[in-house]
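I opened the model to look up two things.

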Amino acid sequence: MSEACKTPISFEFSAPKTEAAFSSLRRAYSRLSRFQHEFISVTYGAGGSTRDGTKHAVTALSSEGFTVAPHLSFGGDDEATIAGLLEDYQAAGIKQLVALRGDRQSGQGSAKMVHAAELVEFIRARTDDWFTIHVAAYPEIHPESISVATEIEFFKQKVDAGADCAITQYFFNVDAYQQFLAECHKAGITTPIVPGIMPITNLAGLQRFSSICGADLPRWLTKRLETLDGDDVAVKDFGCEVVTRLCERLIEAGAPGLHFYTLNQSKPSARILENLGY
Ligand code: FAD
C-alpha cells in the first residue's frame, strides 16, 4: 500500500498481573502510540481473574489522557460487583467497554456463565448511553456454537441489547469474514464489525491459541511455518508478510477498522502497520 492508510486501528493488551507486567505493557504501548489509533483495550482474565489488574491499568492509562476500553465479563461476580466496577469506570472518565461472556477459568468446569448479551443489557440499564460498547464476533463460528444460524441469532441479541460495534476473533481467511458480514447484513445487523488481527511470531503459540479459540489455521500456512520452525527471524518475516497481505485484503474489502492483538509486544504489530503505510 503506497498512500497513507486511513482505516482506523486499535490495540489490545493483556491485563497485567504485576507491576512489572504493567511496566512492560506501558513500554509496548509507548512504542505503538506513534501510530494514530482510536483506542486501546485491556483484557479481563478468564472468570474475572484480573479484575483488579485490569482496573488498575485502565484507570492509570485513562488518567494520563489515553482512550482506554476495559474488557469486562461477569465471571463469577455478582451484579453489585459489576455495578461498582461500572461506577468506578465512569468516575475515571472511561467511555468504552468490551463486553464479553468471558472464558472459563481452569477448574471452573461447565458452570453456567452470563452471556455477553445479558451483560450489555445490564450495562445499558445501569449507565444508559455513557459507554460505547464493543462485543465479540466470530466469522469462523464460536467453538461452542451449535450452528451458523444460532451464531448469527445470538450475535444479533448482543447488538439488539445495545452493542455499538464488534471486534472479531482473529482469522486468516478473508472469505469467512466476508461471508459472516453478508449473513449479518441479511439478519439486519448494521453494526460495524472490525477484524481482530493476530500477528504471527511463533507456530507453537499460534497453534495453542487457535485450538482454544477455534481460529482456523490453514494448512498452507501451518506447512510453511513448520518449514521455517527454529528460525525465529524467518518465521517473523514470513508471518509479517502473511498478516500484512491479510490486512491489505481486509482494507480493500472495506473493513471498518483493524484491531491488533498485540500480546503486549510492539514490534510485530508495528512492522505490519509500517508495511501498510501507517
Ligand atoms: P457470548 O456472546 O455470550 O457467546 C458465547 C457462546 O454462547 C457462543 O457460542 C454463542 O453462540 C452462545 N450463546 C450466546 N447467547 C446464548 C444464549 N442466549 N443461549 C445459548 N447460547 C448462547 N475472554 C476473556 O475471558 N477475557 C477477555 O478479555 C476476552 N477478550 C476478548 C476480545 C475479543 C475481541 C474476542 C473476540 C474474544 C475475547 N475473549 C475474552 C474470549 C471470549 O470471552 C470467548 O470467546 C468466550 O467463549 C465467548 O465470549 P462472548 O462474549 O463472545 O460470549
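I count a polar contact as a pair of N or O atoms within 3.5 Å; within protein, one must be able to donate a hydrogen and the other to accept it, and residues adjacent in sequence count only if both atoms are side-chain atoms. The model is predicted, so I note that local features need pLDDT of at least 70, side-chain atom pairs count only at pLDDT 80 or more, and totals for chains, interfaces and linings use all residues. Residues are numbered from 1 along each chain as its sequence is written, and side-chain values use heavy atoms, without hydrogens and water.

Entry one, the threonine. I found the side chain of Thr262 at 2.6 Å from the backbone oxygen of Glu12. Thr262 is buried, at 4% relative accessible area (buried means under 20%, with a 1.4 Å probe and protein chains only). I then checked its contacts (heavy atoms within 4.5 Å). Beyond neighbours within four places in sequence, Thr262 touches Phe11, Glu12, Phe13, Leu32 and Ser269. Phe11 is 251 residues away along the chain, yet its C-alpha lies 6.5 Å from that of Thr262.

Entry two, the ligand. I counted 22 residues around the ligand, each with a heavy atom within 4 Å of it. The closest are Tyr44, Arg101, Tyr138, His142 and Lys158. A polar side-chain atom of Arg101 sits 2.8 Å from a ligand oxygen. Backbone N or O atoms also lie by ligand oxygens: one of Gly102 at 3.2 Å, and one of Ala116 at 3.0 Å.

Notes. Buried < 20%, exposed > 50% of the residue type's maximum accessible area, 1.4 Å probe, protein only.
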